[in-house]
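Hello,

Here is the structure I promised to pass on to you. Have a look at it first, and then read on for what turned up.

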Number of protein chains: 2
Amino acid sequence: MPWVTDANAALLTDLYELTMAASYHRHGMTHDATFDLFVRELPRHRNFLVVAGLEEALHYLEELNFDAESLEYLASLEMFDPAFLDYLSTLRFTGDVWAMPEGTVAFAREPLLSVTAPLIEAQIVETFLLNAITFQTMIASKAARVDIAVGERSFIDFSLRRDHGADAGLKAARASFIGGAAATSNVLAGSLFGIPVNGTMAHSYVMSFDSEVDAFRTFARDFPDRAVLLIDTFDVIRGAHRAVEVAQELADEGVHLRAVRIDSGDLGALARDVRAILDDAGLHDTQIVLSGDLDEYRVKELIEGEVPVDAFGVGTQMGTSADAPSLGGVYKLVWDERSGPKVKLSTGKVTLPGRKQVHRFTGPDGRFHTDMISLNKEEIHGSTPLLEKVMMEGERTHDPEPLVEMQRRCLASLHALPGHLLSLEQDANYVVDLSPDLRSLEREAALHFRA
Amino acid sequence: MPWVTDANAALLTDLYELTMAASYHRHGMTHDATFDLFVRELPRHRNFLVVAGLEEALHYLEELNFDAESLEYLASLEMFDPAFLDYLSTLRFTGDVWAMPEGTVAFAREPLLSVTAPLIEAQIVETFLLNAITFQTMIASKAARVDIAVGERSFIDFSLRRDHGADAGLKAARASFIGGAAATSNVLAGSLFGIPVNGTMAHSYVMSFDSEVDAFRTFARDFPDRAVLLIDTFDVIRGAHRAVEVAQELADEGVHLRAVRIDSGDLGALARDVRAILDDAGLHDTQIVLSGDLDEYRVKELIEGEVPVDAFGVGTQMGTSADAPSLGGVYKLVWDERSGPKVKLSTGKVTLPGRKQVHRFTGPDGRFHTDMISLNKEEIHGSTPLLEKVMMEGERTHDPEPLVEMQRRCLASLHALPGHLLSLEQDANYVVDLSPDLRSLEREAALHFRA
């Protein structure tokens with residue numbers, strides 16, 4: 001079973017990118033073009049996005065090349081000129097990229113990333129860039145919602161087993177960390193990205209012993225300062241009493257029961273009962289971890305119900321962004337060197353022409369006030385520009401940023417969002433203006449192309 | 001940006017698999033255990049599953065090993081004994097695997113795959129197997145629904161840009177081919193799996209020329225026998241007339257316009273108008289391809305409305321299984337060598353004990369009649385067993401199966417399904433019985449564990 005690698009990633013694209021490129025090549029269309037990557041509309045119950053996936057996008061652009069095997073496959077399709085395949089054999093990405101750093105809070109219509117490069121290069125990277133940026137942005141945005149719901153508590157990514165494949169597992173862990181997760185259960189994500197890893201035990205562990213109490217005793221001894229016991233294999237209340245029994249029995253051996261986890265049933269009621277059992281036994285600092293099909297809505301209910309809980313394991317619903325499992329990211333031609341600004345007028349799919357910048361205005365209270373999308377050459381005062389130059393002539397302008405910085409940026413931005421945008425159920429709008437020059441350009445371009 | 005590879009895939013697991021394994025190792029728990037992978041309940045509007053992902057699962061099991069870098073990372077966590085890390089350094093998967101071949105139609109509660117191996121090995125592969133099998137099975141099942149909807153027409157996977165990462169893109173193409181897709185736009189999936197690739201042009205192509213008609217003319221000349229023109233960049237009807245103009249102008253050059261594609265607007269009404277325009281010009285064999293947020297429901301509406309359409313491009317909704325973006329796959333301990341059959345009694349999560357086989361009974365009409373889950377040693381007559389031995393002592397028992405065989409198996413199975421299960425909107429049940437021996441074992445085990 002083959003994996004995606006740096007060597008074959010160039011083929012991870014829609015065929016039409018290559019047929020279009022072949023046509024551009026044949027006709028010497030080597031002029032520069034600018035494409036914007038943005039989300040047309042936020043899904044229901046999404047009042048903002050948290051940008052993620054840029055690091056992967058830049059890595060792909062840096063490594064982009066068609067190796068011998070890829071070229072051989074393309075030749076076998078009998079669809080491409082030898083001259084075009086020759087051209088592909090030495091192709092590298094030589095363009096400029098402007099982008100919002102990962103962890104930035106963004107809104108619909110705002111370019112999250114903008115590529116200016118010779119037309120062929122800018123075109124063939126479309127599919128991969130969309131795949132990388134929209135997926136990770138979707139998950140980081142979902143995780144930020146969970147972060148809003150948990151408040152002072154923490155949450156851990158448990159999604160790997162239900163994520164959409166191996167790479168989705170890795171990236172869901174990464175993106176949910178950017179969105180505020182404290183840790184992940186995904187060991188490879190821990191190893192590759194330095195995310196703290198966290199884990200407890202499964203029901204199969206409990207069932208592999210002659211009795212639940214044997215299982216608890218053994219595990220607590222094996223991990224004396226970090227044991228988290230899963231107490232719902234047979235009956236939660238009985239499981240809680242057994243956990244207490246083991247904690248008391250092994251206290252002299254230096255065992256400290258860090259937490260118990262409940263993964264099924266009426267989590268709120270059970271957590272209350274279990275808290276009482278733990279407290280009665282003096283185990284006040286043994287924490288309660290809840291898991292089992294949780295999302296931001298369910299977490300919010302539990303928190304509002306003042307359920308005694310210390311941390312949440314959040315899996316499937318976050319790792320698949322289950323209530324909005326895709327994000328309508330698009331990558332559109334907005335300018336080219338030959339004829340300037342470009343627009344598309346397809347029903348419901350109109351695009352904003354020209355090369356752009358996004359400006360954020362902050363109010364006197366330190367909160368985000370409005371954004372404005374402008375042309376990139378326009379001078380706009382009193383705002384923070386969000387698009388940074390991250391690649392110049394195919395080379396990164398900065399070293400990769402540490403993941404904790406991205407998380408910090410996201411959490412700071414969530415604090416600076418106008419309060420109504422933090423609602424998990426109410427759709428709320430943040431004002432994104434168009435600058436005067438962009439407005440005029442949009443009008444002119446539409447007239448021109450309708451003509 | 002690192003990729004998942006054979007070298008690091010062993011770490012693509014939840015941390016708890018490794019902490020449990022460490023505990024098993026310390027206590028010499030080296031006995032064999034059997035885990036079943038199954039789906040507890042089908043999501044709403046899913047009357048069956050199409051199994052996929054086995055090839056990836058077997059590849060993973062064959063290649064499973066912890067390399068030096070992985071071991072170094074695990075050591076850095078300061079959570080594992082050196083003796084356990086030593087053990088991991090030589091670990092290979094040595095177990096047996098029984099599974100349904102890919103493309104098999106299956107139902108809730110039926111083991112899709114069953115692993116018997118030394119407890120530690122069987123445990124640590126849980127997360128990866130769930131990730132591989134449930135994701136691909138979910139997509140193949142969704143694609144089979146699209147296949148039901150399209151009837152005699154064909155559909156093409158266009159999902160890559162919205163799939164959940166790179167690996168999801170590859171596997172969605174593969175799984176949707178198993179479920180009945182005729183082709184994919186994903187070039188890497190074409191290259192690695194031999195799936196036919198297919199593609200048209202994007203709006204950006206049209207916009208890169210001075211006029212739409214220039215773009216059409218150029219593309220049609222470049223791909224004289226395969227050009228599919230996208231006609232909705234500005235206005236569909238005008239686009240259709242321009243496509244006709246180009247086809248007529250270039251007919252003498254041997255250009256044959258294969259198809260036009262409409263990607264936005266009221267697809268049904270537009271397709272009718274465009275068909276009339278093409279027919280009026282004598283372009284009867286120029287096909288119409290529709291795309292744009294299609295799923296099985298929308299496709300069915302179009303087909304029922306007798307819209308003139310030849311093929312569908314189906315993307316996001318299929319590649320993310322948008323109406324059911326996760327499948328509740330679980331992997332449960334059902335038997336071990338030390339104490340026999342195992343059950344778990346957590347609320348709503350009861351499991352069936354024992355090592356099993358799944359039998360399918362076919363009626364006199366050649367249609368599937370009922371399935372029966374039995375113990376593996378039970379003799380059940382007149383049925384076809386669905387679980388095959390696919391791995392013995394860590395080695396595959398067969399060469400990988402060609403993908404077209406899997407697709408053939410799926411399509412034959414869809415034809416053999418009782419008609420009411422083919423409904424896309426009505427939830428319908430197929431009878432899955434438990435054998436008498438399995439029923440008694442279930443009762444006994446529950447009593448034993450409640451005791």
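Predicted model: local features only at pLDDT ≥ 70, side-chain atom pairs only at ≥ 80, totals over all residues.

**How the two chains are related**

**Where they meet**

Chain A gives 87 residues to the contact, and chain B gives 87 residues. On the side of chain A that touches chain B, the largest share comes from helix 1 (residues 15-26) of chain A, with eight residues. Sorted by class, that side of chain A holds 37 nonpolar, 34 polar and 16 charged residues. The copies meet through the same surface, because 100% of the interface residues of chain A are also interface residues in chain B.

**Inside chain A**

Chain A has 16 helices and 19 strands, and its C-alpha trace spans about 80 × 55 × 35 Å along the principal axes. Of its 451 residues, 56% count as buried. Among contacts in chain A with a separation of 6 or more, 74% come from residues 24 or more positions apart.

The chain is divided into domain 1 (9-139 + 324-450) and domain 2 (150-319). The centres of these two domains of chain A, taken over C-alpha atoms, are 39 Å apart. Their contact takes 13 residues from domain 1 of chain A and 16 residues from domain 2 of chain A. On the domain 1 side, the elements that give two or more residues are helix 6 (126-150) and helix 15 (403-416) of chain A. Helix 15 of chain A supplies the largest share of that side, five residues. By class, the domain 1 side divides into nine nonpolar, three polar and one charged.

**The nonpolar core**

In soluble globular proteins, nonpolar side chains tend to be buried together. Here the largest nonpolar core has 287 residues, and those with the most contacts inside it are A:L229 and B:L229. Leaving aside residues up to four places away in sequence, A:L229 touches A:M201, A:F216, A:F219, A:A243, A:L257 and A:V260.

Best wishes

Notes:
Residues numbered from 1 in each chain as written. Chains lettered and ligands numbered in written order. Core = buried A, V, L, I, M, F, W, Y, C linked by C-beta atoms within 7 Å. Buried ≥ 20, exposed ≤ 12 C-beta atoms within 10 Å, placed from the backbone. Contact = placed C-beta atoms within 7 Å. Helix = DSSP H or I, 4+ residues; strand = E, 2+ residues; numbered from the N terminus. Nonpolar A, V, L, I, M, F, W, Y, C, P; charged D, E, K, R; others polar. Domains from an automatic or database assignment.
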